[in-house]
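Have the viewer open as you read.

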Amino acid sequence: FLSIKITSPITHMVSSAVRGVVQSLVAVWFFGDIITTGRGSSIALILIGSIYYTWLKNEEQVAKERAAGGSASKLEAGGYERVPMKDVDADIRKAEATQ
């Protein structure tokens, strides 16, 4: 439920499909299931499709950053901002001191 709020429905569907592949591989390893030709080709198709989808989403993000002039920070482009470790440590010490 939380992943639907954070990601798009298509991304959620792709991640669900990959989770199914992982479950199939665990079943093969744990229960000794047999991977038939059809099952193997389905697993390969899901993995190839999810890799392609991830690549396309990354290319879209890069294009957005370039369109923003390239000078926009990653935070403004929807990414994450790097925080120096010294600042993180200072915030932790400050939080511990107030408790």
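## Ground rules

This is a predicted model, so local features need pLDDT of at least 70 and side-chain atom pairs count only at pLDDT 80 or more, while totals for chains, interfaces and linings use all residues. Residues are numbered from 1 along each chain as its sequence is written, and side-chain values use heavy atoms, with hydrogens and water left out.

## Helix 2

Let's start with helix 2, residues 9-31. Helices here are DSSP runs of H or I with at least four residues, numbered from the N terminus. Helix 2 has 23 residues and reaches 32 Å from first C-alpha to last, close to the 33 Å expected at 1.5 Å a residue; that expected span is 1.5 Å times one less than the number of residues.

Its buried residues are V21, S24 and A27, where buried means under 20% relative accessible area, exposed over 50% and partly exposed in between, using a 1.4 Å probe and protein chains only. Helix 3 is part of what covers them. Just after helix 2, G32 takes a positive phi of about 75 degrees.

## The aromatic end

Now for the aromatics: W29, F30 and F31 form one cluster. Are they buried or exposed? W29 is exposed at 68% relative accessibility, F30 is exposed at 57%, and F31, which sits in helix 2, is exposed at 62%.

## Ring pairs

The structure holds three aromatic pairs. The W29 and F30 rings have centres 6.2 Å apart and planes at 45 degrees, so this pair is tilted. Y52 and W55 are stacked, because their ring centres are 6.1 Å apart and their planes at 25 degrees. Rings of Phe, Tyr and Trp (its six-membered ring) pair when centres lie within 6.5 Å; planes under 30 degrees apart are stacked, over 60 edge-to-face and the rest tilted.

## Helix 3

Y52 and W55 are three residues apart in helix 3 (residues 37-67), so about one helical turn separates them. W55 is partly exposed at 47%.

S50 also lies in helix 3 and is buried, with a relative accessible area of 10%. Leaving aside neighbours within four places in sequence, S50 is in contact (heavy atoms within 4.5 Å) with V14 and V18.

Methods. Helix = DSSP H or I, 4+ residues; strand = E, 2+ residues; numbered from the N terminus.
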